[in-house]
Amino acid sequence: MKYLLLSFALAFGFMSLTSKPAAPAQSGIKASITRGKQVYLQQCLACHQVDASGVPNMNPPLIKTKQVLGDKTALIKIVLNGLKGVDIDGDSYNGVMAPHPDLTDREIADVLTYVRNSFGNKASAVTAAQVKVVRAAN
Ligand code: HEC
(Lines give C-alpha, C1' and ligand atoms only; values in the text may rest on other atoms or scores of the structure.)
Protein backbone atom coordinates (compact mmCIF):
# COMPACT_ATOMS: atom_id res chain seq x y z
CA MET A 1 0.00 0.00 0.00
CA LYS A 2 2.79 2.37 0.92
CA TYR A 3 4.51 1.64 -2.35
CA LEU A 4 1.30 2.16 -4.28
CA LEU A 5 0.83 5.59 -2.73
CA LEU A 6 4.45 6.41 -3.36
CA SER A 7 4.24 5.50 -7.00
CA PHE A 8 1.08 7.58 -7.37
CA ALA A 9 2.85 10.51 -5.77
CA LEU A 10 5.79 10.04 -8.12
CA ALA A 11 3.54 9.73 -11.15
CA PHE A 12 1.70 12.93 -10.26
CA GLY A 13 4.94 14.73 -9.56
CA PHE A 14 6.25 13.60 -12.91
CA MET A 15 3.05 14.64 -14.68
CA SER A 16 3.19 18.11 -13.20
CA LEU A 17 6.79 18.42 -14.35
CA THR A 18 6.07 17.31 -17.90
CA SER A 19 2.69 18.96 -18.46
CA LYS A 20 4.02 22.51 -18.43
CA PRO A 21 2.38 24.71 -21.09
CA ALA A 22 4.11 25.26 -24.43
CA ALA A 23 6.63 28.05 -24.98
CA PRO A 24 5.08 31.50 -24.52
CA ALA A 25 4.13 33.65 -27.50
CA GLN A 26 4.21 36.81 -25.38
CA SER A 27 6.57 37.58 -22.54
CA GLY A 28 5.06 37.08 -19.12
CA ILE A 29 2.28 34.79 -20.33
CA LYS A 30 4.05 31.69 -19.01
CA ALA A 31 4.31 33.12 -15.50
CA SER A 32 0.67 34.21 -15.68
CA ILE A 33 -0.41 30.68 -16.67
CA THR A 34 1.58 29.19 -13.78
CA ARG A 35 -0.03 31.56 -11.26
CA GLY A 36 -3.43 31.11 -12.89
CA LYS A 37 -3.29 27.36 -12.40
CA GLN A 38 -3.08 27.88 -8.63
CA VAL A 39 -6.10 30.20 -8.72
CA TYR A 40 -7.96 27.62 -10.81
CA LEU A 41 -7.20 24.81 -8.36
CA GLN A 42 -8.54 26.88 -5.47
CA GLN A 43 -11.48 28.71 -7.06
CA CYS A 44 -12.77 26.84 -10.10
CA LEU A 45 -11.82 23.18 -9.77
CA ALA A 46 -14.72 22.18 -7.50
CA CYS A 47 -17.26 22.91 -10.21
CA HIS A 48 -15.40 22.80 -13.53
CA GLN A 49 -13.16 19.84 -12.56
CA VAL A 50 -9.40 19.40 -12.86
CA ASP A 51 -9.54 18.75 -16.61
CA ALA A 52 -12.16 21.51 -17.18
CA SER A 53 -14.63 18.94 -18.51
CA GLY A 54 -17.30 20.13 -16.05
CA VAL A 55 -20.15 18.01 -14.72
CA PRO A 56 -22.91 16.96 -17.16
CA ASN A 57 -26.13 19.02 -16.80
CA MET A 58 -24.60 20.79 -13.80
CA ASN A 59 -21.42 22.72 -14.59
CA PRO A 60 -20.28 23.41 -18.18
CA PRO A 61 -16.85 22.52 -19.55
CA LEU A 62 -14.27 25.26 -20.08
CA ILE A 63 -13.03 23.67 -23.29
CA LYS A 64 -13.32 25.70 -26.49
CA THR A 65 -16.62 27.27 -25.46
CA LYS A 66 -17.72 30.56 -27.01
CA GLN A 67 -17.28 32.23 -23.60
CA VAL A 68 -13.75 30.94 -22.93
CA LEU A 69 -12.34 31.73 -26.37
CA GLY A 70 -14.52 34.76 -27.11
CA ASP A 71 -14.90 38.36 -25.97
CA LYS A 72 -12.64 39.06 -22.99
CA THR A 73 -14.90 41.69 -21.44
CA ALA A 74 -17.79 39.20 -21.27
CA LEU A 75 -15.47 36.53 -19.92
CA ILE A 76 -14.09 38.79 -17.16
CA LYS A 77 -17.68 39.72 -16.23
CA ILE A 78 -18.57 36.03 -15.81
CA VAL A 79 -15.85 35.69 -13.16
CA LEU A 80 -16.75 38.99 -11.44
CA ASN A 81 -20.54 38.57 -11.49
CA GLY A 82 -21.13 34.85 -11.87
CA LEU A 83 -23.61 33.36 -14.35
CA LYS A 84 -26.98 31.60 -14.19
CA GLY A 85 -29.52 30.24 -16.64
CA VAL A 86 -27.44 30.83 -19.78
CA ASP A 87 -27.10 28.10 -22.42
CA ILE A 88 -23.45 27.23 -23.07
CA ASP A 89 -22.88 26.21 -26.68
CA GLY A 90 -26.46 24.94 -26.91
CA ASP A 91 -26.54 23.00 -23.61
CA SER A 92 -28.26 24.12 -20.42
CA TYR A 93 -26.78 23.62 -16.94
CA ASN A 94 -28.54 23.57 -13.58
CA GLY A 95 -25.58 24.80 -11.58
CA VAL A 96 -25.00 28.41 -10.65
CA MET A 97 -21.68 30.06 -11.36
CA ALA A 98 -20.65 31.88 -8.19
CA PRO A 99 -19.47 35.50 -8.43
CA HIS A 100 -15.79 36.02 -7.55
CA PRO A 101 -15.48 39.78 -6.84
CA ASP A 102 -12.90 39.18 -4.08
CA LEU A 103 -10.26 37.94 -6.51
CA THR A 104 -7.70 40.60 -7.43
CA ASP A 105 -7.36 41.94 -10.99
CA ARG A 106 -4.14 39.93 -11.27
CA GLU A 107 -5.76 36.70 -10.04
CA ILE A 108 -8.64 37.02 -12.50
CA ALA A 109 -6.24 37.84 -15.35
CA ASP A 110 -4.04 34.87 -14.44
CA VAL A 111 -6.85 32.33 -14.08
CA LEU A 112 -8.44 33.36 -17.37
CA THR A 113 -5.07 33.32 -19.14
CA TYR A 114 -4.53 29.83 -17.71
CA VAL A 115 -7.97 28.62 -18.86
CA ARG A 116 -7.57 30.18 -22.32
CA ASN A 117 -4.24 28.36 -22.74
CA SER A 118 -4.98 24.97 -21.19
CA PHE A 119 -7.30 22.00 -21.86
CA GLY A 120 -6.74 22.35 -25.63
CA ASN A 121 -7.67 26.05 -25.60
CA LYS A 122 -5.43 28.57 -27.34
CA ALA A 123 -6.20 32.27 -27.01
CA SER A 124 -4.52 35.54 -26.11
CA ALA A 125 -3.73 36.46 -22.51
CA VAL A 126 -6.03 38.47 -20.27
CA THR A 127 -4.17 41.26 -18.47
CA ALA A 128 -4.74 42.77 -15.03
CA ALA A 129 -5.21 46.15 -16.75
CA GLN A 130 -8.10 44.72 -18.80
CA VAL A 131 -9.72 43.31 -15.66
CA LYS A 132 -9.33 46.67 -13.92
CA VAL A 133 -11.18 48.47 -16.74
CA VAL A 134 -14.02 45.93 -16.77
CA ARG A 135 -14.33 46.00 -12.97
CA ALA A 136 -14.50 49.79 -12.93
CA ALA A 137 -17.30 49.80 -15.53
CA ASN A 138 -19.09 46.84 -13.95
C1 HEC B 1 -20.08 26.91 -7.74
C2 HEC B 1 -19.63 26.29 -8.96
C3 HEC B 1 -18.74 27.10 -9.86
C4 HEC B 1 -17.51 27.68 -9.57
C5 HEC B 1 -16.78 27.68 -8.23
C6 HEC B 1 -17.04 28.28 -10.78
N7 HEC B 1 -17.95 28.09 -11.79
FE8 HEC B 1 -17.81 28.77 -13.69
N9 HEC B 1 -19.68 28.11 -14.09
C10 HEC B 1 -20.47 27.36 -13.23
C11 HEC B 1 -21.77 27.13 -13.85
C12 HEC B 1 -22.90 26.35 -13.24
C13 HEC B 1 -21.74 27.79 -15.09
C14 HEC B 1 -22.89 27.88 -16.11
C15 HEC B 1 -23.93 28.88 -15.63
C16 HEC B 1 -25.11 28.98 -16.57
O17 HEC B 1 -25.56 27.95 -17.05
O18 HEC B 1 -25.59 30.12 -16.81
C19 HEC B 1 -20.40 28.38 -15.22
C20 HEC B 1 -19.97 29.04 -16.34
C21 HEC B 1 -18.67 29.48 -16.54
C22 HEC B 1 -18.16 30.04 -17.78
C23 HEC B 1 -18.94 30.28 -19.06
C24 HEC B 1 -19.36 29.00 -19.73
C25 HEC B 1 -18.25 28.08 -20.15
O26 HEC B 1 -18.32 26.92 -19.75
O27 HEC B 1 -17.33 28.49 -20.87
C28 HEC B 1 -16.85 30.32 -17.56
C29 HEC B 1 -15.87 30.91 -18.56
C30 HEC B 1 -16.55 29.97 -16.18
N31 HEC B 1 -17.67 29.46 -15.59
C32 HEC B 1 -15.31 30.12 -15.60
C33 HEC B 1 -15.05 29.91 -14.24
C34 HEC B 1 -13.80 30.23 -13.60
C35 HEC B 1 -12.59 30.80 -14.30
C36 HEC B 1 -13.95 29.91 -12.28
C37 HEC B 1 -12.95 30.12 -11.16
C38 HEC B 1 -12.52 31.49 -10.94
C39 HEC B 1 -15.29 29.37 -12.11
N40 HEC B 1 -15.92 29.38 -13.32
C41 HEC B 1 -15.83 28.93 -10.90
C42 HEC B 1 -20.10 26.93 -11.98
C43 HEC B 1 -18.99 27.36 -11.27
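Q: Leaving aside its neighbours within four places in sequence, which residues is N121 in contact with?
A: N121 touches L62, I63, K64, V68, L69, V115 and R116, its neighbours within four places set aside. Contact here means heavy atoms within 4.5 Å. This is a predicted model: local features need pLDDT of at least 70, side-chain atom pairs count only at pLDDT 80 or more, and totals for chains, interfaces and linings use all residues. Residues are numbered from 1 along each chain as its sequence is written, and side-chain values use heavy atoms, without hydrogens and water.

Q: Why is N121 called buried?
A: Its relative accessible area is 5%. Buried means under 20%, exposed over 50%, and partly exposed in between (1.4 Å probe, protein chains only). N121 falls under the 20% limit, so it is buried. N121 sits in the loop between α6 and α7.

Q: What makes a run of residues a helix or a strand?
A: DSSP runs decide: a helix is H or I over at least four residues, a strand is E over at least two, and numbering starts from the N terminus. The chain has seven helices and zero strands. Read from the N terminus, its elements go α-α-α-α-α-α-α.

Q: How do you know that the span of α6 agrees with its number of residues?
A: The expected span is 1.5 Å times one less than the number of residues. For the twelve residues of α6 (105–116), that gives 16 Å. The end C-alpha atoms are 16 Å apart, so the two agree.

Q: What makes α6 mostly covered?
A: Nine of its twelve residues are buried. They are I108, A109, D110, V111, L112, T113, Y114, V115 and R116. Their cover includes α2 (29–43), α4 (66–69), α5 (72–81) and α7 (128–137).

Q: What makes D110 and R35 a salt bridge?
A: The term needs a side-chain nitrogen of Lys or Arg within 4 Å of a carboxyl oxygen of Asp or Glu. The N to O distance here is 2.6 Å. That is within the limit, so the pair counts. The two residues belong to distant parts of the chain: D110 to helix α6 and R35 to helix α2, 75 residues apart. Side chains of opposite charge can pair when their charged atoms come close.

Q: Is D110 called buried or exposed, and why?
A: D110 has a relative accessible area of 2%, so it is buried.

Q: Why is R35 called partly exposed?
A: R35 stands at 36% relative accessibility, so it is partly exposed.

Q: How do you know that D110 and R106 form a salt bridge?
A: Their closest N and O atoms are 3.2 Å apart. This is within the cut-off, so the pair qualifies. D110 and R106 are four residues apart in helix α6, which means a separation of about one helical turn. R106 is partly exposed, at 39% relative accessibility. R35, R106 and D110 together form a network of salt bridges.

Q: What makes R135 and D105 a salt bridge?
A: Their side chains come to 2.8 Å, N to O. The pair joins distant parts of the chain: R135 in helix α7 and D105 in helix α6, 30 residues apart. R135 has 27% relative accessibility, so it counts as partly exposed. Searching the whole structure gives three salt bridges.

Q: What makes the phi of Q49 stand out?
A: Q49 has a positive phi of about 75°, yet is not a glycine. Most residues other than glycine have a negative phi. Q49 lies in the loop between α3 (45–48) and α4. Its relative accessible area is 28%, so it is partly exposed. D89, also not a glycine, has a positive phi of about 45°. D89 is in the loop between α5 and α6.
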